[in-house]
Amino acid sequence: MEFIDYYKVLDISKEATTDEIKKAYRKKAIEFHPDKNPGNAEAEENFKKAAEAYEVLSDPQKKAKYDQYGHQAFDGANGGGGFGGSHMNMDDIFSQFGDIFGGGGFGGFGGNSGGQRRVKGSNLRIKVKLTLEEVANGVEKKVKVKRKIQAPGVKYKTCSTCNGQGQVLRVTNTILGRMQSATTCNVCGGSGQTIESKPSNADIHGMIMEDETVSIKIPAGVVDGMQLKVSGKGNDAPGNGIPGDLIVAIEELEHEFLKREGENLHYDLYISFPEAALGVSKDIEAVNGKVRIKLEEGIQSGKILRLKGKGIPSLNSYGNGDLLVHVNVWTPKTLTKEQRQFFEKSLADDNFIPHPEKSDKSFFEKVKDMFS
């Protein structure tokens, strides 16, 4: 699982035109094409990354979202399927972007050459709970996943119905003449292979269930509801198919003191009348430990102190958010006799009468500043 800079993948700038994006993708697709790099898993992965980048950058609306929000624009909360919203296999890529290769492309992957399909296994989905500290620092989680794998000793043979093509041709007589169409083989399910023999503990597809511990590297800055993808850790596919993916949904646990708002954090600090009048140093709860701040004499309730860079890191490496400390002067609900006498005498004291200065912002101005 990784976070991809689509512009770097295609070696283009953010100002690239539609034609330049298409040209760059075609160049990368040809460079990493599976037919030019047989058996090279790294080349195949780069080929998929290029297709994913082109899928987003070639669509003006998706590109605008990506430029503004990065991968967060395609998380689960926004209706996407994870980063890029794309879990494409080779057939997906060529059916969607076949025009890039002039309608045919290379060998068995061109879409029109009739090459054997590679069926992809089903995806698995899990939820991972993260503390705010884990969100801020990034974390590696090890989770146990129950997934289907091909049973040891299972043997496959070429499907006799489709001759290993995964598709069968059907001819239909219409008023326009005889029409030919290709449909997925209903015997092998499109894999081009059927089971010749299998162990007794395997299902009808030659699969068994197995527990596997999967390591998931979660970068700093993820948000609640976001979905990440771990390639190849879903269920296996029969025969020569490729495994599905593991989709990881992020659930952010609530922090005891800090409230998150995007990349910024909010902290409510309560101080007494004497502390507000005299000034005091306080330890503030931050995401990576306590931070000591000094409050000036005569600090007012509602004052917001901004601690730069003490928030959550940007998922797209644009720095950290801030920690906003909201100062609240606590009014005692009960007073002793001596305290009551003191405050009664102070009612007429001009020093205790509010004299807001023009520089003191109203509540609404402070709220506006917070969101500006």
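**Cores, a helix, cysteines**

Start with the largest nonpolar core: it has 41 residues, and Ile216, Ile293, Leu323 and Val325 touch the most other members. By nonpolar core I mean a set of buried Ala, Val, Leu, Ile, Met, Phe, Trp, Tyr and Cys residues joined through side-chain atoms within 4.5 Å. Buried is under 20% relative accessible area, exposed is over 50%, and partly exposed is in between, with a 1.4 Å probe and protein chains only. Another core, of 21 residues, lies apart from the largest one. Its members include Val9, Ile21, Ala24 and Val56.

A word on the source. This is a predicted model: local features need pLDDT of at least 70, side-chain atom pairs count only at pLDDT 80 or more, and totals for chains, interfaces and linings use all residues. Residues are numbered from 1 along each chain as its sequence is written, and side-chain values use heavy atoms, with hydrogens and water left out.

Next, helix 3, residues 41–57. Helices here are DSSP runs of H or I, at least four residues, numbered from the N terminus. From first C-alpha to last, helix 3 reaches 24 Å, close to the 24 Å expected at 1.5 Å a residue. That expected span is 1.5 Å times one less than the number of residues. How many of its 17 residues are buried? The count is 12, among them Phe47, Tyr54 and Val56.

Last, cysteines. A disulfide needs two cysteine sulfur atoms within 2.5 Å. The count is 0. Cysteine 188 is in no disulfide either; its nearest cysteine sulfur, that of cysteine 162, is 3.7 Å away. Cysteine 185 is buried at 1% relative accessible area, and cysteine 188 is buried at 12%.

Definitions and conventions. Helix = DSSP H or I, 4+ residues; strand = E, 2+ residues; numbered from the N terminus.
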